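Please open the model in your viewer, show it as a cartoon, and keep the selection panel at hand. The tour goes from one selection to the next and says what is to be found at each stop.

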Amino acid sequence: MITVRQVYEAMQAIAPLELAESWDNPGLLVDCGGAVHRVLTALDITPEVVEEAAAKQCEMIVSHHPVIFDPLKRLGPQDVPFQLVQAGISAVCMHTNLDAAEGGVNEVLAGIFGMKDMETFAEGCGRVGAIEKITVPELARKAQQELTVRCNAPAVGPAVQVKFADAGRPVKRLAVISGAGGSLFADALAMGADCLLTGEANHHHAIDAKRLGLSLIAAGHYATEFPVTAAVAEKLRAALPELDVLVSTENRDPYTYL
């Protein structure tokens with residue numbers, strides 16, 4: 001019999017808690033106890049993902065984004081932690097520690113673009129290294145194509161929307177940081193990157209990065225992080241071979257793109 005604690009310990013080996021940022025809240029955030037026969041991996045624990053886990057008879061969800069982040073002042077049926085407890089489903093959430101871990105979010109993202117001679121930046125969360133020479137528009141198109149096949153398709157519209165700021169030179173050294181990493185463009189520039197590929201970057205990040213000679217590609221928070229769910233599932237299967245591990249098919253980008 002596999003316990004909640006055993007799955008949690010396996011996840012700590014995959015994404016050690018000491019790698020997490022001080023402001024973060026990773027860990028076993030909902031503990032319903034009991035045996036675990038089947039686990040669902042996801043980026044976010046949404047009501048749809050809870051319903052999926054219950055329908056597929058999963059006793060646990062392993063996610064990247066914490067299901068509890070800010071302090072809870074009240075709890076009711078509209079809240080996902082309440083829904084988890086009601087369904088008897090435990091939740092392990094590995095956030096910035098999974099960003100920084102070997103084989104974690106950013107190494108999966110770097111691998112999609114064939115990164116070699118990988119180094120860390122942004123306090124260990126990001127990855128930077130060599131890729132085959134490519135123009136920024138070509139890299140942006142590649143990002144959309146490669147991430148689309150790794151994400152759950154929406155009911156309408158494209159799965160991945162990509163925008164880029166082209167500083168005018170080809171990319172041979174790429175920096176990647178998933179999620180909301182646009183503010184870290186200076187860190188990427190300091191590592192000698194030609195381009196930073198991230199999930200989200202605002203207007204001013206794009207202006208400043210381009211002015212300083214760094215191209216910037218924003219490929220979406222969900223799209224740059226969801227691919228790790230398959231990697232986590234594979235690692236859990238290897239760590240606990242008797243455990244049935246599924247990847248969520250209902251965890252989608254909350255946005256609809258035109």
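Two strands are said to pair if DSSP finds at least two bridges between them. Helices (H or I, at least four residues) and strands (E, at least two) are DSSP runs, numbered from the N terminus. This is a predicted model, in which local features need pLDDT of at least 70 and side-chain atom pairs count only at pLDDT 80 or more, whereas totals for chains, interfaces and linings use all residues. Residues are numbered from 1 along each chain as its sequence is written, and side-chain values use heavy atoms, with hydrogens and water left out.

**First stop: the five-stranded sheet**

Select the open sheet of five strands, whose order is E1-E4-E3-E2-E11 and whose pairing is mixed. Its edges are strand E1 (27-30) and strand E11 (244-247), each of which pairs on one side only. From one strand to the next the twist averages 25°, where angles run from 0 to 180 degrees between N-to-C directions and axes are lines fitted to C-alpha atoms, for helices over the stretch in contact.

Move on to E3, which pairs with E4 in the parallel sense over four bridges, Met 60 having Ser 90 in E4 as its bridge partner. Strand E2 (residues 38-42) and strand E3 (residues 60-63) also pair in the parallel sense, over four bridges, and Thr 41 has Val 62 in E3 as its bridge partner.

**Second stop: two crossing helices**

Next, select helix H1 (residues 4-14) and helix H10 (residues 228-239), whose axes come within 10 Å and cross at roughly 120°. H1 and H10 are therefore oblique to each other, since angles under 35 degrees count as roughly parallel, over 145 as roughly antiparallel, 65 to 115 as roughly perpendicular and the rest as oblique.

Show the side chains where Val 7, Ala 10, Met 11 and Ile 14 in H1 meet Val 232, Lys 235, Leu 236 and Ala 239 in H10, contact being defined as heavy atoms within 4.5 Å.

Which order do the strands of the six-stranded open sheet follow? The order is E5-E6-E8-E9-E10-E7, with mixed pairing, and the edge strands, E5 (116-121) and E7 (163-165), each pair on one side only. Neighbouring strands here are turned by 25° against each other on average, direction ignored.

Within this sheet, strand E9 (residues 195-198) and strand E10 (residues 215-218) run parallel and are joined by four bridges, and Cys 195 has Ser 215 in E10 as its bridge partner. Helix H5 (residues 105-112) packs on the sheet, touching E5, strand E6 (126-134), strand E8 (171-177) and E9, and its direction makes about 150° with that of E8.

**Last stop: a histidine**

Finally, select His 205 in helix H8 (residues 203-211). Is His 205 buried or exposed? His 205 is buried, with a relative accessible area of 16%. Leaving aside neighbours within four places in sequence, His 205 is in contact with Gly 182, Ser 183, Phe 185 and Leu 216.

Key
Buried < 20%, exposed > 50% of the residue type's maximum accessible area, 1.4 Å probe, protein only.
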